[in-house]
Amino acid sequence: GRVRVWNTRYGTPEVERTLEGHSGLIRCLSFNRKGTLLAIGGADTTVKVRDLSGQLRFRLRGHTAPVWSVAFSPDSKMLVSGS
């Protein structure tokens, strides 16, 4: 799967970066409250958390089915995921 981060600040949207790494389809995405981290859930049963540069911060395993939802807590200290 592939995620595209679009810059929409200056009129016409442009792709700022492309994030790859999931072996299946992307099922859900969520930014943390500050907009500094992006949680990505996939059909490959993993959740990956990346910073805005695209650097992988965490790879979370444990689901046995595709991940359909991810959400950060308001203080970004917790992340929940559902499959």
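User: Where is the place of Ser23 in this chain, counted in strands and loops?
Analyst: This is a predicted model, in which local features need pLDDT of at least 70, side-chain atom pairs count only at pLDDT 80 or more, and totals for chains, interfaces and linings use all residues. Residues are numbered from 1 along each chain as its sequence is written, and side-chain values use heavy atoms, without hydrogens or water. Strands are DSSP runs of E with at least two residues, helices are runs of H or I with at least four, and both are numbered from the N terminus. Ser23 sits in the loop between β2 (14–20) and β3 (26–31).

User: Is Ser23 buried or exposed?
Analyst: Buried means under 20% relative accessible area, exposed means over 50%, and partly exposed lies in between (1.4 Å probe, protein chains only). Ser23 has a relative accessible area of 70%, so it is exposed.

User: Which residues is Ser23 in contact with, leaving aside its neighbours within four places in sequence?
Analyst: Contact means heavy atoms within 4.5 Å. Pro13 is ten residues from Ser23 in sequence, and their C-alpha atoms are 27 Å apart. With neighbours within four places set aside, the contacts of Ser23 are Gly1 and Asp44.

User: How many helices and strands are in the chain?
Analyst: Read along the sequence, the pattern is β-β-β-β-β-β-β-β. That gives zero helices and eight strands.

User: What is the radius of gyration of the chain?
Analyst: The radius of gyration is taken over C-alpha atoms, and the globule rule is 2.2 Å times the number of residues to the power 0.38. For 83 residues the rule gives 12 Å, and the chain is close to that, so it is as compact as a globular protein of that length. Along its principal axes the C-alpha trace spans about 40 × 30 × 20 Å. The radius of gyration of the chain is 13 Å.

User: What share of the 83 residues is buried?
Analyst: The share is taken over the 83 residues in the chain. Buried residues make up 33%.

User: In which sense do β1 and β2 pair, and over how many bridges?
Analyst: Two strands pair if DSSP finds at least two bridges between them. Arg4 stands opposite Thr18 in β2. The two strands form a hairpin with six residues between them, and Gly11 in the turn has a positive phi of about 85°. Strand β1 (residues 2–7) and β2 pair in the antiparallel sense over six bridges.

User: Which residue in β6 is the bridge partner of Arg50?
Analyst: Strand β5 (residues 47–51) and strand β6 (residues 56–60) are antiparallel, with four bridges. Their hairpin has four residues between the strands, and Gly54 there takes a positive phi near 100°. In β6, the partner of Arg50 is Leu56.

User: Which residues form the covered face of strand β7?
Analyst: Strand β7 covers residues 69–72. Its uncovered face has Ser69 and Ala71. The covered face has Val70 and Phe72.

User: Which residue in β8 does Ala71 stand opposite?
Analyst: β7 and strand β8 (residues 79–82) pair in the antiparallel sense over four bridges. Opposite Ala71 stands Val80.

User: What is the phi of Ser76 near?
Analyst: Most residues other than glycine have a negative phi. Ser76 is in the loop between β7 and β8, and counts as partly exposed because its relative accessibility is 24%. Ser76 is a residue other than glycine, yet its phi is positive, near 65°.

User: What is the phi of Thr45, which is not a glycine?
Analyst: Thr45 lies in the loop between β4 (37–42) and β5. Its relative accessible area is 22%, so Thr45 is partly exposed. Its phi is positive, at about 75°.

User: Is Gly41 buried or exposed?
Analyst: Gly41 is in strand β4. Not counting residues up to four places away in sequence, Gly41 touches His22, Ile26, Arg27, Cys28, Thr46, Val47, Val67 and Val70. Its relative accessibility is 0%, so Gly41 counts as buried.

User: How far apart in space are Gly41 and His22, C-alpha to C-alpha?
Analyst: The two residues are 19 apart in sequence. In space, C-alpha to C-alpha, Gly41 and His22 are separated by 8.6 Å.
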